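I opened this notebook to record what I looked up in one model. The entries run from the whole chain to single elements.

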Amino acid sequence: MHDDAPLVQMRINRFVTERLQPAIIRASVAVDIQRWEAPGEPVSFAHAVAQPFEPVEAGYAWGKPWGTTWFKVAGTLPAEWADAADARVQLVVDLGFDSAQPGFQSEGLVFSASGSIIKAVEPLNTGVPLTAAPGDAFEFYIEAASNPDLSQAWTFAPTPMGARETAGDGPLYRLAGMVVALRDNTVWSLAQDFWTLHGLYAELPAHLPRKAEILRALDLAIDAVDPQDVAGTAQAGRDLLAPAFAAPAWQSSHRVHAVGHAHIDSAWLWPLRETVRKVARTFANVDALIEQNPDFVFAASSAQQFAWLKEHYPDLFDRVRRRVAEGSFVPVGGMWVESDSNLPGGEALARQFVAGKRFFMEEFGVEPLEVWLPDSFGYSGALPQIARAAGSRWFLTQKISWNETNVMPHHTFQWEGIDGTRIFTHFPPVDTYSSELSGSDLARAERQYSEKGVANTSLVPFGWGDGGGGPTEEMIAAARRTASLEGSPTVLLSSPRGFFEAAEAEYPQPPVWSGELYLEFHRGTYTSQARTKRGNRRSEHLLREAELWATTAAVRGAADYPYAALEQAWHTVLLLQFHDILPGSSIAWVHREAELRYEEVRVTLEQIIDRSVRALAGDGTRTLALNSGPFDRAGVPALGAGELTAGRAAATVSRTAEGIVLQNDRLRATLDADGLLVSLRDLVTGRESIPTGQPSKVLQLFRDTPRQWDAWDIDADYVRTMTELRVADSVEICESGSERVAVRIIRRFGSSTVEETVSLSSGERALDVELAIDWHERQKLLKLAFPIDVQAAQAASEIQFGHILRPTHSNTSWDAARFETVAHRWVHVGEPGYGVAVANDSTYGHDIRRTGEGRSTTVRLSLLRAPLYPDPESDQGEHRMRVAIAPGAGIPEAVEEGYRLNLPLRPVEGVGVEHIAPLVRVDGAGVVVEAVKLAEDQSGDVIVRLYEAHGGRAAATLSADFDATDAVLTDLLERPTVSPETLLAPSADRSWRLELRPFQLVTIRFRR
Ligand SMILES: [Zn+2]
């Protein structure tokens, strides 16, 4: 037989686009359209419908960037359609959609004349069901958002469209048309048949008889369909395809659990307020789709998005609540948002689960057990323990498939965190979280799935995200056609839980991946938008302080606990940890709003701290130092307040032949004529920390022009364009009191200025560097380098509730790809018996590599970037940050330095007491208190969260200075970890013993 396959494919393509698709709409009639444009931000339905509307026609140019136009649509269902069989009447709306991608352009929400939400219209989901009887009139309102497409086909070109003030006001869209249409169900079904079979055909190997069989069936089906009467002959075409669909799947076919989903970024290339509407549009579509397909399950993460729906669309929220009760709408993830997991601090990442699960349990009575983070930029080695401590059982992501260098060897595995906790994990091999269940998607899932031979099940999330409207009836049709289809993976409409239970059952001993899931991509997200990063770090520590003092005041009867204000502050901070906000990859609008929200949080928390302490300490003339940190400092107990003890050896500063010398009883630092750190001598051991001939504390400037994804990426080639900013414009001693001495150094370069204040305080083991940077560079990366005279094989970097060890070499492709890494408050490099810690108060990006021919180690902090996309003004302006270098530090000292820099003693003047006793004391090396708060259930019980911070075994005694009756081990949600409750054994009155494993996280509820 002659091979005519290429010719038949051409025939199929032309038949589908020219005959089949146009015949889906059997008949249509025009409607009357009027419009009213909201002058500014979105308005309510009631407000909009009271406005004067004006008639418009198809072709009308509408929609300024970020604007809202309301369309009033009126029409009549043709009476002659009364006896149209096998058809559906619907309004078809085209706001001027383009085919680039759904979700990044205009969208509309359709309301009935009385204001109830019907569904949304999106580029690939344009139909609205019409329930009026033939001959009857109908009227709808459409709230249409004219969002600019900031994706710009992923050219990453700078654009002013990301802020209202710079986006202009010209119309972005041209109304393509709205009609009342009679959709032919059989023609539509035939189109779905062709799509699935032709998609499968494209994926099958050439030699298979099945492949030829499908092509021949499609060819003959075209013969059967009369191009002059597609509707009248479509069934004949379907009949000819029926045998091809009747052939069942091979027994060994890959098994796909298809879960409806819409990945809605909580803000990104649009502002937060637009996400509120995107959620309503998508969830309305899902509700309508479930109505038609009761066996379809939709999974949605992010309690915040449900909370928005509850606040802004209460009726739609009630409909969702009913779907959740039915089991067709499944909350997943259990977190407040799909947060970044590299940058949030330990307590904050824990609270993502506490706040998220509380919302889902209170509103719906369900507890999501699967962590759902398909898109975050790498996964912290602390996450398995945090997820399990929150009661979760499973973890899902697919982002690691974006690695530039290495391919993860597993799709289903046990992921083991730094403390040894394991969680059953799945990476959907389909490599997308917005599949359309096409032949190519399904084949990719099967082809790439790496557990073949021992397991054979994967999850495919399907549905358009980001305002594309979620799953469509076309996708469901594809799922039904591939339930059992020879040559295709089998597709089961399922839920995340259904998948995980099946996957665990078939694969009880999956392989183990230990440590972080480092994303070999998007390494700039540890640094971009420094003010957002600083806002997060400062807010996390203010929350700790506010909860500690509010708890102390409440337990001592001095003040009520501000539950609502604290919850609101937490919700804001948790929202801003969303995986495109805290990482710095959103438009200008989002980041400017984040900065304002962080300022509001700061004001609220400062008030709570002040009010609590005033209530505890009364008025007077004393000055107290509050120590919110977990370590005693300068005579002030951890978690308490007291007066500073005098008598520490004074710090001194002097000019010598070597340079300016800052000294106390623990270290001696020498700055050269340009203010570079040329010596840092540990006076306890006498050891020098700066390598000979390699000045330290050097600002370095690099070209920062990544290949793609500008705000996201730092490319490895950045290192080749270094300029060291060694020259100072001025170096002067600016403080010489006995408590603190300081030197101010000013450096000007390009259009920017850096003012460094290098200071040493009496009794401290670290040299502090405060940086005030006026930054006006573009596409540059600013790093601060500390060459250190230790030969470190690995570096320790603080993450949530512990630290992670990473090699300082680049032996393997995995090591080499990890050229920029994340750390929280400190990093540490050392040799046995000696080390140096570098701490910071608001930055995250680091690189730590061997230098000096391998005999020294350089710690570099990434301070600032200035990518031009998606925010062309990112990082411009003023920044303040603090860094400290502590010679002679082990891991315990590094941990202390991290807390010291981030939780400085807080002076309070005009109070009437000498001290405030800590509510809780913990005696035991390595056991660190991370949070003290009142219980979420408002019972008044005190919750203390602590962890082992050194990476070793620890024993501690906890003492409560309040009316605690017993102490119960709980999970993060403050529920007893096992039943019967695990009571801690008391060792004395109000005192308990506790033993911890390395990095173990423990939550204790003190009942009162
Ligand atoms: Zn995302």
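What share of the contacts in the protein with a separation of 6 or more comes from residues 24 or more positions apart? I found that such pairs account for 75%, a contact being heavy atoms within 4.5 Å.

I note that the model is predicted, that local features need pLDDT of at least 70 and side-chain atom pairs 80 or more, and that totals for chains, interfaces and linings use all residues. Residues are numbered from 1 along each chain as its sequence is written, and side-chain values use heavy atoms, with hydrogens and water left out.

**Overall fold.** I counted 18 helices and 52 strands; these are DSSP runs (helices H or I, at least four residues; strands E, at least two), numbered from the N terminus. The radius of gyration is 31 Å, close to the 30 Å of the globule rule for 1008 residues, so the protein is as compact as a globular protein of that length. That radius is taken over C-alpha atoms, and the rule is 2.2 Å times the number of residues to the power 0.38. Of the 1008 residues, 62% are buried (under 20% relative accessible area, with exposed over 50% and partly exposed in between; 1.4 Å probe, protein chains only).

**Helix α11.** In α11 (residues 439–448) I listed Gly439, Asp441, Leu442, Ala443 and Ala445 as buried. The buried residues of α11 pack against α3 (185–203), β13 (255–261), β20 (457–462) and β21 (490–493).

**Asp674.** I located Asp674 in the loop between β27 (667–671) and β28 (677–682). Asp674 counts as partly exposed because its relative accessibility is 25%. Leaving aside residues up to four places away in sequence, Asp674 touches Arg726, Val727, Ala728, Val731, Ile745 and Arg747.
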